[in-house]
Structures are given as C-alpha cells and as structure tokens.
Amino acid sequence: MAATQLTASTVSAKGFASFEGLRQSSVNISSFSPLKQNGLSLRSFRGLVVKAATVVTPKYTALKPLGDRVLLKIKTAEEKTTGGILLPTTAQTKPQGGEVVAVGEGRTIGKSKVDISVKTGTQVVYSKYAGTEVEFNGSNHLILKEDDIVGILDTDDVKDMKPLNDRVLIKVAEAEDKTSGGLLLMEASKEKPSIGTVIAVGPGPLDEEGNRKPLSVAPGNTVLYSKYAGNDFKGSDGSDYIALRASDVMAILS
C-alpha cells in the first residue's frame with residue numbers, strides 16, 4: 001500500500017519573506033505490525049506521518065492576517081467536569097471559542113470596501129474544523145475566514161450568542177419521550193428533532209454592492225431546519241441549541 005501523508009496547511013502572512021522559521025510538529029511512525037481482526041490480516045502502513053499545528057518560531061513576534069481572515073487565540077479545553085472530575089485528554093471537548101487578537105484589512109465586494117465586522121478583544125464562537133491551527137507565542141491560535149465565525153459570545157451561556165452574517169441561533173425542541181402508541185423511548189432511540197425556536201439572527205449576508213440583506217426569519221419563529229446542519233451547543237440550563245445558516249432553515253411553522 002502506498003505511504004500516506006497528512007500535512008498541515010502552511011501559514012503565510014505579510015512580512016514573511018520566506019517559509020524559514022516555520023516548522024511543523026510531527027509524529028513519525030515507521031511501520032505498524034500486521035494486525036488480525038476476525039481472522040483477516042490487515043496490511044502494514046509504512047511511513048505514516050501525522051502533522052500537528054504549524055509552529056511559528058520565536059524570532060517572529062507578529063502575525064498579521066490578510067484579507068478577510070481573522071486570528072483567534074483558542075480557549076483552553078476543559079480539563080475537569082463541572083463536578084471536578086479530571087478528564088483524560090481524549091475526553092476533553094475541543095474548544096470552539098476564542099478571542100480575536102488580529103484582523104485583516106477586509107475585502108472588496110463590487111466597488112465597496114467591507115471591513116471585518118469583529119474587533120480585537122471580542123470573544124467569538126467559530127465553526128468546527130474551520131481554519132488553520134498555529135502555535136504562536138507559546139499559545140494555540142487559529143487563522144480563519146471571517147465567514148467561519150458563527151457569532152459573538154461575551155458570556156458563558158450560548159443563549160446570549162449574537163449570530164453574525166447569515167447565521168441563526170435556534171433553541172432545539174425537546175425530543176419525544178414516547179411513541180404515538182404511548183411506549184417510552186430509550187435515550188439512544190429518540191429521534192433527533194429538527195424543529196426549534198429562533199432565539200437570535202444575524203444582520204444578514206452581503207449583496208453584490210456590499211449591503212446587508214435582512215433574513216427571512218425572526219426571533220420567536222418556530223422553524224423546521226435541515227437535520228445535521230450547523231453547530232450544536234449545550235446551554236447552561238441543559239437545553240440544546242444549534243447555530244446554522246439561514247439557508248438551512250426550510251420552513252416557518254405556525
């Protein structure tokens with residue numbers, strides 16, 4: 001079987017004359033011994049290289065995003081549960097929030113120059129798997145496009161989120177505990193609901209002239225949305241919330 005290589009994206013920023021000083025943390029595994037599973041032999045994988053976040057060496061003291069990109073300092077993952085129990089690394093929730101530490105100069109739409117809508121120091125929530133992770137000044141950062149930022153969250157409660165652009169924050173309806181025949185459902189067999197109440201909406205997407213187009217849904221609407229869309233969150237009250245694009249809302253229920 002041919003060697004497999006997973007590589008992290010290369011960081012580029014204004015003032016970087018070359019790629020010198022950028023190095024990538026890696027774990028090299030020369031080979032795996034053949035494994036047998038259910039009597040079947042699995043072929044060895046050789047030369048597998050797993051790359052981690054790009055590391056910017058200490059001689060560089062500034063990193064400026066370009067265009068409509070934003071640099072976030074990632075929040076540290078929780079090491080304990082609310083009850084104080086230590087979590088193993090594999091069980092720690094990957095953070096989806098961070099603080100804006102630098103922004104690009106914005107982008108041009110038509111003849112209009114559009115600035116980045118978030119400012120440095122703002123606490124934001126971003127889409128899972130978005131952007132490129134960078135280790136800079138001893139901390140984990142993320143470079144991503146402004147459109148990958150879901151909303152502004154200045155508190156620890158997701159219901160206070162202020163969605164950006166065409167994003168909508170929805171409180172998910174609770175799953176049914178019983179079937180239509182009255183049988184109790186186990187937690188694992190409950191159907192994931194795709195109905196909820198709109199809590200907050202963004203200012204809308206930009207049109208070709210750089211103006212905002214208002215969304216067709218409003219806070220208080222009960223809506224039907226695409227299953228598996230958006231980003232799921234758990235509120236401090238135990239309720240489920242989802243932030244998704246307005247285009248993933250299929251209908252308003254009344």
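## A loop residue and the model

Pro58 lies in the loop between β5 (46–56) and β6 (69–74). Strands here (E, at least two residues) and helices (H or I, at least four residues) are DSSP runs, numbered from the N terminus. Pro58 is exposed, with a relative accessible area of 77%. The cut-offs are under 20% relative accessible area for buried, over 50% for exposed, and partly exposed in between, with a 1.4 Å probe and protein chains only.

The model is predicted: local features need pLDDT of at least 70, side-chain atom pairs count only at pLDDT 80 or more, and totals for chains, interfaces and linings use all residues. Residues are numbered from 1 along each chain as its sequence is written, and side-chain values use heavy atoms, with hydrogens and water left out.

## Confidence

The predictor's confidence in each residue is given as pLDDT, from 0 to 100. Its mean over the protein is 76, and 64% of the residues reach 70 or more. Residues 1–51 have a pLDDT that stays under 50. For this stretch the model has 81 contacts beyond four places in sequence, where contact means heavy atoms within 4.5 Å. Where pLDDT is low, the predicted coordinates should not be read in detail.

## The whole protein

The protein has 20 strands and zero helices. Of its 254 residues, 34% are buried. Among contacts with a separation of 6 or more, 63% are between residues 24 or more positions apart.

The accessible surface comes to about 15900 Å², and carbon and sulfur atoms hold 52% of this surface. Such areas come from the Shrake-Rupley method with a 1.4 Å probe; for residues, only the protein chains shown count as cover.

## A sheet of six strands

Strands of a sheet pair through backbone hydrogen bonds, either parallel or antiparallel. In this protein, six strands form an open sheet in the order β18-β19-β15-β16-β17-β20, with antiparallel pairing. Two strands count as paired if DSSP finds at least two bridges between them. The edges are taken by β18 and β20 (249–253), each with a single partner strand, so one side of each has no neighbour in the sheet. From one strand to the next, the twist averages 40°; the axes behind this value are lines fitted to C-alpha atoms (for helices, over the stretch in contact), with angles from 0 to 180 degrees between N-to-C directions.

Several pairings can be followed residue by residue. Strand β15 (residues 167–172) pairs with strand β19 (residues 240–245) in the antiparallel sense over five bridges, and Leu169 has Ala243 in β19 as its bridge partner. Strand β16 (residues 195–201) and strand β17 (residues 222–225) are also antiparallel, over three bridges. Here Thr197 stands opposite Thr222 in β17.

## The hairpin at one edge

Four bridges join β18 and β19 in the antiparallel sense. Lys234 is opposite Asp240 in β19. The two strands, β18 and β19, form a hairpin with five residues between them. In the turn, Gly238 has a positive phi of about 90°.

Asn231 is found in strand β18 (residues 231–234). Asn231 is buried, with a relative accessible area of 12%. Leaving out residues up to four places away in sequence, Asn231 touches Gln96, Tyr126, Ser127, Lys128, Val150, Tyr241, Ile242 and Ala243. Ala243 is also the bridge partner of Leu169. The side chains of Asn231 and Gln96 are joined by a polar contact of 3.4 Å. A polar contact is a pair of N or O atoms within 3.5 Å; within protein, one must be able to donate a hydrogen and the other to accept it, and residues adjacent in sequence count only if both atoms are side-chain atoms.

## Exposed loop residues

Gly138 sits in the loop between β11 (132–136) and β12 (139–145), and counts as exposed at 70% relative accessibility. Pro58 and Gly138 are 80 residues apart in sequence, with 8.7 Å between their C-alpha atoms. Val55 and Gly138 are 83 residues apart along the chain, and their C-alpha atoms are separated by 9.1 Å.

Asn137 is also in the loop between β11 and β12. Asn137 has a positive phi of about 55° although it is not a glycine, and is exposed at a relative accessible area of 55%. Tyr129, in the loop between β10 (123–126) and β11, has a positive phi of about 70° and is not a glycine either. Tyr129 is exposed, with a relative accessible area of 69%.
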